[in-house]
Amino acid sequence: MPSSMPLEGVKVLELGTLIAGPFCGRLLAEFGAEVIKIEPPGEGDPLRKWRMLYKGTSLWWYVQGRNKKSVTVNLRAPEGQEIVRRLVRDADIVVENFRPGAMEKWNLGWEQLCAINPGLVMVRISGYGQTGPYRDRPGFGAIGESMGGLRHLTGFPDQPPVRVGVSIGDSIAALHGVIGALLALRHREVRGGRGQVVDVALYESVFNLMESLLPEYDMFGFVRQRSGASLPGIVPSNTYPCKDGKYVVIGANADSIFKRMMKAIGREDLASDPELAHNDGRVKHTERIETAISEWTRAHCLEEVLETLERAEVPAGRIYDIADIVADPHYQAREMIREYRLPDGHSLKLPGIVPKLSETPGDTHSLGPALGEHTDEVLARLGYDAPARERLRKAGVI
């Protein structure tokens, strides 16, 4: 680990499972925070068994759990709740993604924890937030993506809505959780030392990315619909077929870039047309422009298209699958493909750290831990001696 990391000295207690809360904890851990992940004894986070497994452990777990300490605690047991309260005494952040009311049921709600540590920042990620008529409903990322407006816009207009191929709603919520935690820490640092609740709703996190959806509806009654691979109201920005059956993504929607592209594909008439000089004019002639581009791309192989557009300084690219990503020299130069060793010595590639800080970069110093790997270490630090830990273990508390 680098000698200095931006969150060095920050202590995080991660409660919750699967994606949103643990991804929030992972991001904090990657930049130096000590993240203690509380897991149910015996089974742990269900994500340990999600997707493809290697020797019984999810490969996703090695990413999601990296840099964390795993401590097994039964949150439903009073003695388990006492362990959490002791950990909260010197914690800076608690991250939880249970349904609203669960933490209160376990005597671990904000009022109880704030009384122990007034400087605590509590990140609460849930489907619908901690208030409102829907607060008690179960809500996963897919529901948040739907309610937040994303699913309605994703896909082609003549087909049912589709989902993005990853758990994007959970990940967006996690990012908002990290932002909120850092804002709250900053507030605590400069304005009196008190903590606060960061209330993150999955649907709101998705809705926050919906650009001009709301004002367009409010002003014009316009309900944006699915538009396939194009970006509505921004022309040209689309995916186009090539001669060899491959596809190219082109974003030539800036005024100067549009002119360069039209000249590069031999359409000087479009480049010099005053009606197409700005985006609002191009939108009125979307079909004309898209037809011109498609006719050109269909006459050339993908590599020819990319070479031409690169010379013209037009943003364009192939659609990568994971094999393309791993082989790409830019990914490698940016250290986005990193290789590590599993406990049995087998090598495993994992994603690099984002964002990249010039002076205090994040890092991966350990992969997802074994279930309960740090239980004895952490409880010993809290004052539980070996006999006490053995008693708790036999009672199913840890």
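In the hairpin formed by strands E12 and E13, where five residues lie between the strands, glycine 345 adopts a positive phi near 95 degrees; helices (H or I, at least four residues) and strands (E, at least two) are DSSP runs numbered from the N terminus. The model is a predicted one, in which local features need pLDDT of at least 70 and side-chain atom pairs count only at pLDDT 80 or more, whereas totals for chains, interfaces and linings use all residues. Residues are numbered from 1 along each chain as its sequence is written, and side-chain values use heavy atoms, with hydrogens and water left out.

Strand E12 (residues 337-341) pairs with E13 in the antiparallel sense over five bridges, pairing being assigned if DSSP finds at least two bridges between two strands. Isoleucine 337 has proline 351 of E13 as its bridge partner.

The protein chain as a whole comprises 19 helices and 13 strands, and buried residues make up 46% of its 398 residues. The largest nonpolar core contains 31 residues, of which Leu13, Leu15, Ile38, Leu75, Ile83 and Met103 touch the most other members; such a core is a set of buried Ala, Val, Leu, Ile, Met, Phe, Trp, Tyr and Cys residues joined through side-chain atoms within 4.5 Å. Elements giving two or more residues to this core include strand E2 (34-39), helix H3 (78-88) and helix H19 (386-394), and the largest share, four residues, comes from H3. Apart from this core lies another, of 27 residues, among them Leu7, Ala29, Val178 and Ala181.

Several backbone features were also identified. Most residues other than glycine have a negative phi, and most peptide bonds are trans. Leucine 18, however, has a positive phi near 65 degrees and is found in the loop between strand E1 (11-14) and helix H1 (20-30); at 15% relative accessibility, leucine 18 counts as buried. Glutamate 335, in the loop between helix H17 (329-333) and E12, likewise has a positive phi, of about 55 degrees, but is partly exposed, with a relative accessible area of 48%. Cis peptide bonds join valine 235 to proline 236, with omega about -5 degrees, and valine 354 to proline 355, with omega near 0 degrees.

Methods. Buried means under 20% relative accessible area, exposed over 50%, partly exposed in between (1.4 Å probe, protein chains only).
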